[in-house]
Amino acid sequence: MIRFLIQISGFIAVLMLAGCAPSVQLTTPEPLEVNIHMSLDVNQHEAPGATQALMSEDESKALRRRDDRSGEIWGMKNDGVVVETARGYLNAVGKSGWDPAYVQRLVAEENQDRRILYEAEARSRSRPVASVEAEAGHRLMQQTYITGSTNAPPAASKPVP
């Protein structure tokens, strides 16, 4: 009998504790509204002693021409018609589907504009043009060719890691 009373009293205690748990309402009658007001100020400061290099008119025109033809150049790269070289210039590889004269003209124009920009960068950084060309070639080849892709460059023109 005592055992029965202990069991009953334990059961009653559990019910009482469970019945005392408060209920919390997590809903609201209206949706919550959050107003955020933000402003952002961006300031650019030049380093002491820094000189601002202005782009010449020839460099600006070369940059605009490159931008204008970039879609076609990327199309040619994707089709395997042209490849990037380790020196930062394009090389036509003569695949079908494109007019060879057009490809050659576009490659020559692109390479001429790249040369203008490489020379300007070399002057501004007091470095040899060949060094700027090599850096650009490495960067452009990395952007263009994905390992295992069908438009990978010939083995001789891959950059050395």
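**Close-up views of a predicted model**

**View 1. Glu59 and its polar partners.** A polar contact of 3.2 Å joins the side chains of Glu59 and Arg123 in this predicted model. Glu59 sits in helix H2, and its side chain also reaches the backbone nitrogen of Ser56 at 3.1 Å. With a relative accessible area of 11%, Glu59 is buried. Skip the neighbours within four places in sequence, and what touches Glu59 is Leu54, Ile116, Leu117, Ala120 and Arg123.

**View 2. A salt bridge between Asp113 and Arg69.** The closest N and O atoms of this pair are 2.8 Å apart. Asp113 belongs to helix H3 (residues 100–125) and Arg69 to helix H2, so the bridge ties together parts 44 residues apart in sequence. Both ends count as buried: Asp113 has 2% relative accessibility, and Arg69 has 7%.

**View 3. Arg115 with Glu119 and Glu133.** Arg115 forms a salt bridge with Glu119, closest N and O atoms 2.8 Å apart; these two lie four residues apart in helix H3, about one turn of the helix. Arg115 also meets Glu133 in a salt bridge at 2.7 Å, N to O. Glu133 is in helix H4 (residues 129–144), so this second pair links parts 18 residues apart in sequence. Glu133 is buried at 4% relative accessible area, while Arg115 is partly exposed at 32% and Glu119 partly exposed at 27%.

**View 4. A nonpolar patch on the surface.** Val34, Ile36 and Met38 make up this patch, with about 410 Å² of accessible area together. Val34 is in the loop between helix H1 (2–19) and helix H2 (57–79), and is exposed, with a relative accessible area of 65%.

How values were computed
Residues are numbered from 1 along each chain as its sequence is written. This is a predicted model: local features need pLDDT of at least 70, side-chain atom pairs count only at pLDDT 80 or more; totals for chains, interfaces and linings use all residues. Side-chain values use heavy atoms; hydrogens and water are left out. Patches are made of residues with over 30% relative accessible area and no salt bridge: like charges are joined within 9 Å, nonpolar side chains (Val, Leu, Ile, Met, Phe, Trp, Tyr) within 5 Å. Accessible areas come from the Shrake-Rupley method with a 1.4 Å probe; for residues, only the protein chains shown count as cover. A salt bridge is a side-chain nitrogen of Lys or Arg within 4 Å of a carboxyl oxygen of Asp or Glu. Buried means under 20% relative accessible area, exposed over 50%, partly exposed in between (1.4 Å probe, protein chains only). A polar contact is a pair of N or O atoms within 3.5 Å; within protein, one must be able to donate a hydrogen and the other to accept it, and residues adjacent in sequence count only if both atoms are side-chain atoms. Contact means heavy atoms within 4.5 Å.
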